[in-house]
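Please look through the structure below with the following notes beside you. They are meant for someone meeting it for the first time.

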Amino acid sequence: MTDAIQTPMPSWEYAPAPESTDIVKLADRYGLFIGGDFVDPKSGRWFETINPATEETLAEVAEAGPEDVGLAVDAARDAGTTWRGLAGSERAKYLFRIARALQERAREFAVLETMNGGKPIKESRDIDLPLAAAHFFYYAGWADKLEYAFPGRTPRPIGVAGQIIPWNFPMLMAAWKLAPALATGNTVVLKPAETTPLTALLLAEVIREAELPPGVVNIVTGAGQTGAALVAAPVDKIAFTGSTEVGKLIRRATAGTGKRLTLELGGKAANVVFEDAALDQAVEGVVNGIFFNQGHVCCAGSRLLVQEPVFEILIDKLKERLQTLRIGDPLDKNTDIGAINSRQQLDKIEELVASGVAEGAEMYQPFCDLPERGFWFRPTLFTGVSQSHRIAREEIFGPVLSILTFRTPEEAVEKANNSPYGLSAGVWTEKGSRILWMAERLRAGVVWANTFNRFDPASPFGGYKESGFGREGGLQGLEPYLAFDGGEI
Amino acid sequence: MSQAAEITPRAPGSLAPREAVRLLARVHAVDAVGLEGRAAALASRSIKKDAKLWALDLAIRCMDLTTLEGSDTAGKIVALCSKAVRPDPVDPSIPSVAAVCLYPQLVPVAVQELAGTGVKVASVAGSFPSGLGPLDARLQEIRDVAAMGADEIDIVLNRSLFLGGRYRETFEELAGAREAAGSAHLKVILETGELGSYDRIRQASVLAMAAGADFIKTSTGKIGVNATLPTALCMEEAARDFFRETGRRVGIKVAGGVRAAKQAIQYLVVLHETLGPEWMTPDLFRIGASSLLNDVLMQIDKQRTGRYQGPDYFTID
Amino acid sequence: MSRVPVKRTAKLFIAGKFPRSESGRSYEVLANDGRPIARAAQASRKDLRDAVKAARSAQPGWAAMTAYNRGQILYRVAELMEGRREQFRSELADAGASDPDRGVDAAIDRWVWYAGWADKIGQVLGGTNPVAGPYYNFTVPEPTGVVGVVAPQDQSLLGLISRLAPAIVSGNTAVVLASERSPLPAISLAEVLATSDVPAGVVNILTGSTVELAPWLAGHMDVNALDVTGVPADLMAEVQTLAAENVKRLHSAPTSDPFSASAQSPYEVTALMEFKTVWHPIGA
């Protein structure tokens, strides 16, 4: 025994803790889900879907052409009479069945979600799947209560909804789209994103097992062409979640058609930290805000606005925290940051990050080994960013945080709102009156105060300005799927 | 990896009262939901195989094997010391625990039993567990246990003063205790279950660290609310900022209610990802427990043999 | 010797002022029987630009007023219209209204009805959401900003007010394209607004060619929403296409008959609002 200070032990390496993939039984090939059956595409075309963490092919998936989309819309149209004719209480039971089946098979869905999309298993397991089931459960309960939702109005279904969803939360977005549409008596043609079709196809299996009448839900896989075919098809409504660029294309494509439209588009959220904030929790909120799901989140807190007195300490704490982030195998239960969803997305992130460096912002990345194969990007901070930098204006949709400073609440609001987007915003302060003052002024559909990236089926979600229109979730999430007397176009 | 705790020389003493007040005024608020969310996220870490064995070994080396009953006898202490030195009589690879923690009257028994083993003797003092005896008597008790040979002294924060807003007096009492403890390590028990909020826990942590505590400790084990993961996280975040401000590393002791190996691992994960590898040592982390040790031993055995264990195969002392 | 009446010059209403069109253009307004009754300013895209600018600068102040205050201000519009009802009646008669008195009554009452919604809309259509976690979560409707209103060609008074009142009661400001054929009631309304307590810029009224101006309004990047009720059918696709540029919200009247029961509804107010949802942890 000596009195010398003992040298720290070798650092504690967590052993790999991979979730088993045995629970997932993949077919070699998946057809289109039309009229209650999986069918081969009339287009005759198939495409491969991969695991972005390994670049291995998982399965072949049908590519729906215009004819296939037309058949799916016909099936949905045919099923509409039956479906809307059902009492709400009976429609509800089908949705409850789906919710329960998702809970039962949550592990299987979570593993597949992670395999196909690259997100950490702890997120697909603890967030995506529980929330997806919860959405079905929540909207199931609305199916026979719609007359209470809109005082003074008599709601009715719209008809056939074409729904186009993104690759960042494949299963959750399917639930956000399907649950309210079905609860309100509409039938659906759903198009999953081309890089992440597999959980939607597994959901088709669940839908079949839940014995939904054939054609109530149809799922057509494919890329942008398939989406364009769906937008052009004789549907009554288009609901789209994705980039602002594509949202505008859809707005133009549906102009003059009378199709109803809701858009949930991009964002460049400001996350505002005041000097009196609970700093250690703010650090967690900032990290969760931008690194959740590799930053593939439309409402990600991608612009950090820090009040100058705490800039230094917050950056120190953030950098320290970044070193503890675990990046790698998405199936490992301890992984914090998984794979970038696709080569294309990785290219986009790299291009924007290079622009940040070129424009003179200072970049910080923690050291960490990246796997050899697959698509990866280190968590990245940029300081010395000004409002005019591309990395402060454009949606990067990756694990990249741009950090700016402010002096007064007015300046924070001005900078936060200085964007064509308006999806979400964050505020960190211990002062109640300031929270409400900020919440009132931030031009964003969701304001998280002293928290970030929280979601709930009862909570409406959607944007201001170029982040889209219409709300998903909550009572407000019913309206986009209902017609009333006259009104919206 | 079987050595008991190495104790660093006594840390530089208390800060000046003015400096302590300055630190206290700068304490950041704590958001309860955010803190608990972070602790829950860390608790869901999956620690397997070698990493688990490593953690279990460290949990033993960081353990303050504790008995604080009015019915404790010399005989019980002798047995406890034996268990502390050789937790598993048939397995020499199992390390000794860090310390045995007991009441003042029994210190001489433990000092004698543990001489030369590397296992430290820790004693509560200062009118444990209320801390509300006369100040002179409390300081005298601290001096007495130090004189009896206790290596470490666990005292309680004066919650009466602290919750009454009398921070200067609270600080001065703690600084007095620090002085009275002499070369012994001083652990200050905050009794977090009585402080009412994480903000107060964080403030109390800062006050105790500023007064020169070598460790801040969650609980006495004598009230309903013991150590919790968010409480430990809160104190560790305070210690992290204190280190940033002063360059001094203060240890963390969780006590009360830690009975399962799984809990111990969760505390180690929170420690690891909050204060980093430097704190992963008995010099800076302790778990005060009585029944935890056997569960850790069972888990080690499970890891090594692949069989689930039964309590009859582990000694009770 | 009989007195020669003083005729009114019908001008634009921008930022609380009554300018002529910067283009120097005006057009002849005919009564329903073909009789020329006035000349109205024919606004240009630059007038429209100025009107949007005025609406934008007035918007934060209007939205920041208390709902109670906005409600009283709109009620005051009804009071002032009542005082000028003879003027509105004769303009409606000229425009060919079958029952001008009924039209004026309904238009005044519509202001009163919507004025009362100012401090109730959030209560009726917002609320708290029971999320599964330790968070307080509430949703409030907020004004969307600057709203373009293409007023219907028919029902030049009630039709206009049925679109304008729900647009501004929530705190939006508006740029109105008045009925091209019968702009005079809109001009008279502007004169009422100018002497009311409605702050300058909250309502801006342009007269002129709908076909010429509507696309500029639809394509304007600082207009957040557009009420397209008065957009001619053959112009709708172009307007919707242009509206894509900044993802404008589009809305139209629930009915073409502003006298029908469904013509006034709190949903006409929220259609031009944004639902904002706020989360905060609940912890001690």
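1. Two strands are taken to pair if DSSP finds at least two bridges between them. Helices (H or I, at least four residues) and strands (E, at least two) are themselves DSSP runs, numbered from the N terminus. By that reading, strand β18 of chain A, residues 446-449, runs parallel to β10(C) and is joined to it by three bridges, and within this pairing V447(A) has V278(C) as its bridge partner in β10(C).

2. Before going further, please keep in mind that this is a predicted model, in which local features need pLDDT of at least 70 and side-chain atom pairs count only at pLDDT 80 or more, while totals for chains, interfaces and linings use all residues. Residues are numbered from 1 along each chain as its sequence is written, and chains are lettered from A and ligands numbered from 1 in the order in which they are written. As for confidence, pLDDT is the predictor's own score for each residue, from 0 to 100; chain C has a mean of 97, with 100% of its residues at 70 or more, and the complex is given an ipTM of 0.96 and a pTM of 0.95.

3. How many residues of chain C are in contact with chain A? There are 37 of them, facing 40 residues of chain A, where contact means that the C-beta atoms of two residues, placed from the backbone, lie within 7 Å. On the chain C side, β4 (135-143), α9 (236-243), β9 (249-251) and β10 (273-281) each supply at least two residues, and β10(C) gives the most, with eight. That side of chain C divides into 20 nonpolar, 14 polar and three charged residues, with Ala, Val, Leu, Ile, Met, Phe, Trp, Tyr, Cys and Pro counted as nonpolar, Asp, Glu, Lys and Arg as charged, and the others, Gly among them, as polar.

4. Strand β17 of chain A, residues 424-428, deserves a look, since five of its five residues are buried. A residue is called buried if 20 or more other C-beta atoms lie within 10 Å of its own, exposed if 12 or fewer, and partly exposed in between, with C-beta atoms placed from the backbone. Both faces of β17(A) are covered, with S424(A), G426(A) and W428(A) on one side and A425(A) and V427(A) on the other.

5. The neighbours of this strand can be traced in turn. Strand β12 of chain A (residues 270-273) is joined to β17(A) by four bridges and runs parallel to it, with V427(A) as the bridge partner of V272(A). Four bridges also join β17(A) to β18(A), again parallel, and there S424(A) is partnered by V446(A). Together with helix α14 (residues 432-441), β17(A) and β18(A) make a right-handed β-α-β unit, which means that, with the strands pointing away from the viewer, the path from the first strand over the helix to the second runs clockwise.

6. N453(A), in the loop between β18 and β19 (468-469) of chain A, is not a glycine and yet has a positive phi of about 50°; N453(A) counts as buried, with 23 C-beta neighbours inside 10 Å. V247(C), in the loop between α9 and β9 of chain C, likewise has a positive phi, of about 55°, without being a glycine. In chain B, a cis peptide bond with omega of about 0° joins F128(B) and P129(B).
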